Every structure is written in structure tokens, then in C-alpha cells.
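This report is written for a reader who meets the structure below for the first time. Please look over the sequence and the model before reading on.

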Amino acid sequence: MSKSKISVKNGNVSLGKGCKIHRTAILGMASPRKKSAGRLGIGRGAIVRSGAVIYGNTTIGDGLETGHNAVIREENKIGDNFNIWNNSVIDYGCTIGNNVKVHSNVYVAQYTALEDGVFLAPGVTIANDPHPGCSFSKKCMRGPTIKKGARIGVNSTILPFVVIGKNCLVGAGSVVTKNIPAGSVAYGNPARVCGKVSELVCDKGITDRPYPDRGNK
Amino acid sequence: MSKSKISVKNGNVSLGKGCKIHRTAILGMASPRKKSAGRLGIGRGAIVRSGAVIYGNTTIGDGLETGHNAVIREENKIGDNFNIWNNSVIDYGCTIGNNVKVHSNVYVAQYTALEDGVFLAPGVTIANDPHPGCSFSKKCMRGPTIKKGARIGVNSTILPFVVIGKNCLVGAGSVVTKNIPAGSVAYGNPARVCGKVSELVCDKGITDRPYPDRGNK
Amino acid sequence: MSKSKISVKNGNVSLGKGCKIHRTAILGMASPRKKSAGRLGIGRGAIVRSGAVIYGNTTIGDGLETGHNAVIREENKIGDNFNIWNNSVIDYGCTIGNNVKVHSNVYVAQYTALEDGVFLAPGVTIANDPHPGCSFSKKCMRGPTIKKGARIGVNSTILPFVVIGKNCLVGAGSVVTKNIPAGSVAYGNPARVCGKVSELVCDKGITDRPYPDRGNK
């Protein structure tokens, strides 16, 4: 890990103890949407890797860890132990809980809510605009809400306004166009519910069932 | 916004008035396909953010704005007010009109045509090669043509040679394998036409209909 | 091409003759998974472009060429003439043969095997975890095996444990959930075999058939 000096812009950045910020990372970037960058607050023990950029007017808890070239925009509220891997983007105005993991090459649209423990696998892409490019679309932009503990498989697409319930598992390559009830397994384009997480079987024989501590709650 | 010095390589770059180029951006890069980089011309008021790379032998109009780590290759002709967000790539040999917006994590293949006002949402991926890796494929490589005002939803895939008509709307997560007539709404894998943009309803009640100034023209 | 000084960290990097490493590239990065970075060995004639990061404890043959911002993690064994384009990620623990090409915005999961001559088109995303976030998942993580000469179309998704046979062609936007026999053409979500590579026709009239030197072998 690169231990390095801090690249703070404009004096608008406050960092907790023990942060390691790579010298090519940028903190407290100003948005083109705003006249001033606003304050960026990051808790203790953050690791921000090369090429990552975090904008001002955002608050992030303890234990942040970013991959290379990740971008986190302004007006985000992010909890503790947030992990975001290489080349992923969190657009502005999102609410992100504790222990959320966003893997590589992911795009999280403006005004998305990711609750505690959510996992977005590589390539997940989130939309927030039912009619992109409509001249009224700033009035109706809203990302999906992904509830506590839900996990979204690689390269899945999640549409605006959708609610993915607690502890759901969305299969790889899915396109989620409608709400998914808590505890469901869903996949396909469009994604359809095909079972319950509590009924999944481990076909590798490692455990009685995967997610032993999670069910259809 | 980072106001910064210009990172010009080889003296082959000309910039219009009022450009802001981040110090880690690279302009006028030479392609491995060519002996010399060739000239890069960029119009007035460009904003090129950290980590972005723009190759030589490319011409871009006024009002360019790039996100972080965007890459624009050689032999591209790009109009005014081109926006390209974080981590997106424009490969070589494309023709791009005015007021085109390419969002994050997008890949635009060689020899793609994007007409005026086209919008590519995050994660859109464009192909140009009907038989990838065929030893003849350099003779038939051609990207799609996306006509004036068409909008492509998040994480959609567009196949080579396809023509997407004027003002079309392609839904999220689609795989477009055939031409789409002007003014159509299409989605799915493979994408099928399912209606007209002029007949879309705003289910948020904000307007009589989205895209009031665009129809099936 | 940027001819530049070498950015070697910790003295743990050995490079063959004639390598060109951009000054913003990072070689020999330590993984957060390990106490020490371990040795990174790269053969002759490598080109590593701006923003790329290659971790320690990895071995790469001659003729490496990376795009901008590509990331190659630790514990990878990679052959000669490996090409990886912009913004793509090779996660740890993969085995990659000779003459493999990984295009832009691709994610290759831990413990994936890519045999000689494999081509991954832009946006391909690979999974390795049947039950992401399961507390036992470290015991069953395994990426797919993509056999010699297989080519995967743009924005396709490949599931864990899947074997894609020799010389297969997977169509754009596919979701591959099951093994594909050698020499097959397959596409769709989920991907289904729909023919043989040896029976493909060149509808551009350039050749009798694409891939003249490859069949259902």
C-alpha cells in the first residue's frame, strides 16, 4: 500500500486519524454544479488509492477504502467501512449505509439509496431517470433503493424507483425493472423472482445452505 | 474545478481560449498505430479532468467537458459541447456531432457515428466487429450509427452496423441487434420496438408527456 | 507513446529490456491482502500506459501492452503478448496464457483461467462467486475457464465455474450460465448454443467464411 502525503485542495477537507491518501488521489474537488466545493469529511483509517477523486460536500464514515480511479461525487452521505473498488463511480446525492461494498466498474446513479451491508458486484449499473434527456427529467430523477443486505450480481442493471428488498440476491446479468420482495432470488431480463434466499442450496457441499444467518426476513 | 497548467506533449496540441486542463490529463498522445501523434485541436472553454487522455490526430469543437480518466483516441471528429464522463472511452475513427453526451463507463467502438444530441447512459457498450478476432475483421469493422437525438439507456449493448433512428429511446439493459425506426421505444435482449416516443406517458404527473418537443419525426 | 522513467516501488520489480512505463503508472504495488508486495516480473518490451497499476507477486511475459488506468492485481500468471486496454481490471489469482487480449472496461474475477488467444471484448464482466457475500464464499470462489481461442462479445457476463470451449464465439450482451461446447456460437440471456463457428457466414462478402483457420476442433 502506498503510504503518502495528503492531496488536500482548498483546505476544505478534514480527515480522521490514520488515513493513507495516494499522492495522485484528489480530495475535496469542486463540482461544476456548485460555486464552492464545500467540505469533505472522511473518518478514521481511510485508504484512498491512486487516481481516485472524492468531491467536496460529502461525508464519509470511518474505514473508507477505495480502489484505483474510483470517483465519489458531491452531496453523498456514506457510512462506515465503505469499500469501492477500481474505476467505480458514485454520482451525487446518494445515501449509503454502513458496510456497503461496491466492486469494480460500477456506476451508482444520483439519488440512489444503498442500505447497510449492500453488495454491488462488478459492472453493476444503476439508472435514475425514467426518460433520459426529457427536459423535465431533473424533477423526477430518483435512483433505486437497495435494502439492507441485498446483493446484486455482476453486470446487472437496476432501473429508477425500483426497491430491492432486504437480503435479496439478484443474479448476474439481470435487468431489474420492478420491485423485488425481501428475501427473494431474482434474475433475468427482465428479472423475475424465482425463489427465496432461505431456500438456496450450496451445490459445492460446503455448508447446508448459503447465507445461514439470512433468510426471508 | 481544478484550474491548472496545460500538459501538452510534442507541441502538437492547439487549444482555444479559456481551457482548463488538469495537470494529470494528457493531450496529444501518440497512437501505437501511427508513426507520429498528429495534431490535436480543441476549441474554446474545454474542461479536461484528472487522468483523462486525448490522442493526437483528433479535432474537438468548443465546450468540451470530460470526466476523470476518460480516454479519447485518434482520428475522431467531434463537434461542440461534447460531454464525456468518468472512465469512458471513445475509440478511434468515430464521428460525433454537436451536443452529444456520453456518460460514465461507456465504450464507443471504432468507426461509430453519433449524431447531434445523442445521449449514451452509463455503461453503454458499442461493438463494431461482427466476427471478433476474424483475420479479415479489419475490412468489415463498422460501429453503429445513432441518429440525431436518440437516447440509449444504461448498460445497453449496440451491435455493429445497426442504425438507431432519430429520437429513439432504447431501454436500460437492452441488446440492440437490428435497426430501430425513428421515434421508436425499444428494449429487451434482443431489443424489440414496443411503442413510439411520442406516445410515452409521464407516470410522475410532471408533464402531459415526456419529450414534448420530440415526436416520431 | 510516452517514453518515460520507471516508477518502481520497493525495489521488488524486474523489467525486461525495452520497457516503456509511463511516469504515472505504478508497478509492484502491495496488496492489502498481504504483508509484503512480493516480486513483480515483467518481460521484454512492455508498454504500460498512464494510470495503470500492476501489483506485486505477479509474473507477466514479453510484449505486455496496457491501456490507460488498467489494473492487474497480485498472484497472476500471465503469458507473452498480453494486451489489456483502458480501465480494465484483472483481479488476483488468475492464469492467463499467451496472446490474450482483454479490451476496455472489462472485469476479470479472481481465479479465472484465460487460455492462449482468448479475446474479451469491451465491457465483458466475469463472476467467480455463486453466492456473493455468503460467509463461506471464499471456499468456493472460482472464475470460469475460457479455452484456447474463444472470443467473448461486448458487455457479456460469464458466470463462475463455467467452461467456454475452444474457439467458441459468444455473442454481444450474453449471459453465459452453463458450459459451451468447443467450436460453438452461443448468445442470449441465458446464452444458448445456436450453431458452429465453422458454419458462420461472412455477410459482407469478404471471405467464404470467417475464421477460415478455425473450426469445430
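## Basis of the model

This is a predicted model, in which local features need pLDDT of at least 70 and side-chain atom pairs count only at pLDDT 80 or more, while totals for chains, interfaces and linings use all residues. Residues are numbered from 1 along each chain as its sequence is written, and chains are lettered from A, with ligands numbered from 1, in the order in which they are written.

## Chain A as a whole

Chain A holds one helix and 26 strands. Here helices (H or I, at least four residues) and strands (E, at least two) are DSSP runs, numbered from the N terminus. The radius of gyration of chain A, taken over C-alpha atoms, is 18 Å, close to the 17 Å that the globule rule gives for 217 residues, so the chain is as compact as a globular protein of that length. That rule is 2.2 Å times the number of residues to the power 0.38.

Along the principal axes, the C-alpha atoms of chain A fill a box of roughly 50 × 50 × 25 Å. Of the 217 residues in chain A, 59% are buried, a residue being buried if 20 or more other C-beta atoms, placed from the backbone, lie within 10 Å of its own.

## The open sheet of chain C

In chain C, eight strands form an open sheet with parallel pairing, in the order β1-β4-β7-β10-β13-β16-β19-β22. Two strands pair if DSSP finds at least two bridges between them. At the edges stand β1 (13–15) and β22 (163–164) of chain C, each with a single partner strand, so one side of each is left without a neighbour in the sheet.

Strand β19 (residues 145–146) of chain C is joined to β22(C) by two bridges, and the two run parallel. C:Ile146 has C:Ile164 in β22(C) as its bridge partner.

Over two bridges, strand β23 (residues 169–170) of chain B pairs in the parallel sense with strand β25 (residues 184–187) of chain B. B:Leu169 is opposite B:Val185 in β25(B).

β25(B) is also joined by four bridges to strand β26 (residues 192–196) of chain B, and these two run antiparallel. B:Ala186 is opposite B:Val193 in β26(B). β25(B) and β26(B) form a hairpin with four residues between them, and B:Gly188 in the turn has a positive phi of about 105°.

## Chains B and C

Definitions and conventions. A residue is buried if 20 or more other C-beta atoms lie within 10 Å of its own, exposed if 12 or fewer, and partly exposed in between; C-beta atoms are placed from the backbone.
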